[in-house]
Amino acid sequence: MFEVKLMEHLEGYVDHIRFRNENNGYTVLSLDLDGDEETVVGRFPFLSEGEYISMEGEYTEHPMHGPQFQMRTYEITAPGDIQSMERYLGSGAIKGVGPAIAKRITKKFKMDTFRIIEEEPERLAEVKGITEKKARTIAVEFNEKQEMRHAMMFLSEYGINYNLAVKIFKEYGDEMYTIIRENPYRMTDDIAGVGFKIADEIAQRVGIGTDSDYRIISGIFYTLMRALGEGHVYLPKHILCRNAAYTLGVSEEAIEEHLLEMMIEKKIVIKEEDEVRIYGAAQYHMEVNTARMLCDLNLSYDVSISEIETTIGRIEEAEQITFAEKQKEAIEAIASHSIVVLTGGPGTGKTTTINGMIQYFETEGLDIRLAAPTGRAAKRMTEATGYEAMTIHRLLELNGEAKEEMDRMGMAFERNAANPLETDVIIIDEMSMVDLSLMNALLQAMVPGTRLVMVGDANQLPSIGAGNVLKDIIASGEFKVVALNQIFRQEEGSHIVRNAHLIHQGRSIELDNKSKDFFFLQRTSVQDILGVMVYLIRDKLPAYVHAEPYEIQVLTPMRRGELGVERLNQILQQYLNPPSPDKNEKETASGIFREGDKVMQIKNNYQMEWEIRNQKGFTVDKGVGVFNGDIGRITEINDFTEKVTVVFDDSREIQYSYAMLDELELAYAITIHKSQGSEYPAVIMPLLSGPKVLFHRNLLYTGVTRARNCLTIVGDRHTVNSMIQNVNEQRRYSTLAKRIQEIASEGEENPFEDEWS
Ligand SMILES: Nc1ncnc2c1ncn2[C@@H]1O[C@H](COP(=O)(O)OP(=O)(O)OP(=O)(O)O)[C@@H](O)[C@H]1O
């Protein structure tokens, strides 16, 4: 495609930067050669318009864009004459200096301009429009830029991208050169976004050996953090040594030798119990603190059972309902215990019981706050109770400003031990999705005396983040747990609910299509499965469930593969929202977004602004925040403003700049994991084949229980049956239950006193 010519030299001013990839520095720019323009392409990790560059490279012919210079090596030269100095200063590279001021500066100081800025900056104030203060800022900025430019060039030699290079330079300044050459692994502690892999790559280029102590310590920590990413709070020592040895390519003995040192440096905690457990220090303390706070909050009250029964009777009368025994027990429990867990499968009356509890608390004149781990779950809770529920993050007033810090040090909340929540009762729904770190944050913001009701289905998939909080709290045996077991929705004829309970019990289900809400279509080729799914979504199900195709959700176990999220979305987009001349599109690194597409926000963003408009287009509400898992539709793609407008399911309208599109993904299909805490009128699950660690009972159970009115499984019945039998869900290494028991049994004397913060 490209016709390559000989290496040539080229130099000139950067007239303007036409395109830049901030991740790898790849840039397309126009170079000014005494009035003539050349297109130059290549990786320029740091470059501003107006700079003078000299390059080696070759001329190539691009099939669409014509001739261009492909830079191989380059150097930024300080502009050598007055005109170039003027250009550089006025380019925007120096804050507060525009073309007019640049002109006046160079007119006054001529060839001496740069020397004056560096050595006698106060003289800049001789120029009209520059105060002494401004003169000083110009000088500081000028010098900083030079250092930064130098640093960028140095880091780019080690393949470090522009964004990361800026972070490294900001963190270390001049010390950076020594750190990179001697111990790049230090960056994994200090800089968000630098993990072991990046540091290790840099170390390799610098020439640091495989058996360097820094490398091994960093690699051990990396192995622990990777396990954390998979949901484990600790790793048994033998597993840690095996995994770390494999990752680092060193012996297990070499790993073991470093553990003690890491413990002394307080990077890890080693607990010799029934097995030797290795924790990242932060995770260990978080687990112990969580256990400790739970025990501190766990008070019981003397109450008169007959009074409670009378109150419950009144609630039953007012609500025109007769509570089942277990439901009553739950309401009695919240009167006598400050921590109560309410569990149960789908349709067992959890929401009805929450409503009863709310009535009870209201009768008692107590303040109640409702929350759930995700925006969607909070929204459902609001709809089901009629009370405002919010995300736990919002309840705790996540401090969006501290985002950088948050990534590295856990989350920063306005509500914490120093500024606890002022309420009498907190009810959390969808507790199975709460991980250790969020639980810890919630408890920090509570004071003894505040009641906590945790509601959830312990058989759902565990939280995405580390820990096994709900199951561990139940397993500890230290808290009042009420497990609802009567299935009300089944009585209403739902096979979805009945089958969900059978799946949970490991019993096989009828795949005979005699049901009105649970269907199975046997298809054993990917092509057939895809065809059936498109037919169901586009033609069949909308009328059957009285919903739009948009509301029908495909849930799949995997991200990759022929029936994984990525591929399914491409295909479903093609059929459900095909290209059309009246639909704008925007191409991104991961695919195409088109007007009309169903999309999902894939991370929590607490700063994103939203608006809700009425039919006439007037704004009726405003706020900030869009959450991982929120689903909406693209209503406009505007190339002029470079913005994509998404209207989410709850009518929030958000404008994404093109640069923020990596926070969105097509959502015709999503993973079962991502669907936790949500419900859809109709769900389709393609289940053909996949790895045993993924295709297990809980995954099937979670997927099935997401469907409210209609569930269709398309695939192989053997796969469905073997999923029901497969309880090989990966074990989570977590010891919260054990820590709770230890602390509870210690009573007054607390062995972890010094760990309490
Ligand atoms: N004591 C009761 N008597 C009669 N019907 C009940 C009772 N409790 C709950 N129900 C009914 O059973 C159905 C399921 O109850 P509810 O929504 O409270 O359960 P859930 O556990 O929250 O279910 P899901 O997890 O599926 O949302 C509802 O239609 C509800 O009205």
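**Entry 1: around the ligand.** I looked up the residues around the ligand in this predicted model. Of the 15 found there, Gly349, Lys350, Thr351, Thr352 and Phe488 come nearest; a residue is near a molecule if its C-beta atom, placed from the backbone, lies within 6 Å of it. Two or more residues of this shell come from each of α15 (350–363) and α21 (488–491), and α15 gives the most, with three. Helices here are DSSP runs of H or I with at least four residues, strands are runs of E with at least two, and both are numbered from the N terminus.

I noted that residues are numbered from 1 along each chain as its sequence is written. I also noted that local features need pLDDT of at least 70, that side-chain atom pairs count only at pLDDT 80 or more, and that totals for chains, interfaces and linings use all residues.

**Entry 2: the UniProt record.** An unreviewed UniProt entry lists Gly347, Thr348, Gly349, Lys350 and Thr351 under "binding site". Such annotations may be inferred rather than shown by experiment.

**Entry 3: Thr348.** I placed Thr348 in the loop between β9 (339–344) and α15. Thr348 counts as buried because 25 other C-beta atoms lie within 10 Å; the cut-offs are 20 or more for buried, 12 or fewer for exposed, and partly exposed in between. Leaving out residues up to four places away in sequence, Thr348 touches Leu484, Asn485, Gln486, Ile487 and Phe488, contact being C-beta atoms, placed from the backbone, within 7 Å.

**Entry 4: Lys350.** I found Lys350 in helix α15. Lys350 is buried, with 22 other C-beta atoms within 10 Å. With residues up to four places away in sequence not counted, Lys350 touches Leu342, Gly344, Val455 and Leu484.

Methods:
Two residues are in contact if their C-beta atoms, placed from the backbone, lie within 7 Å.
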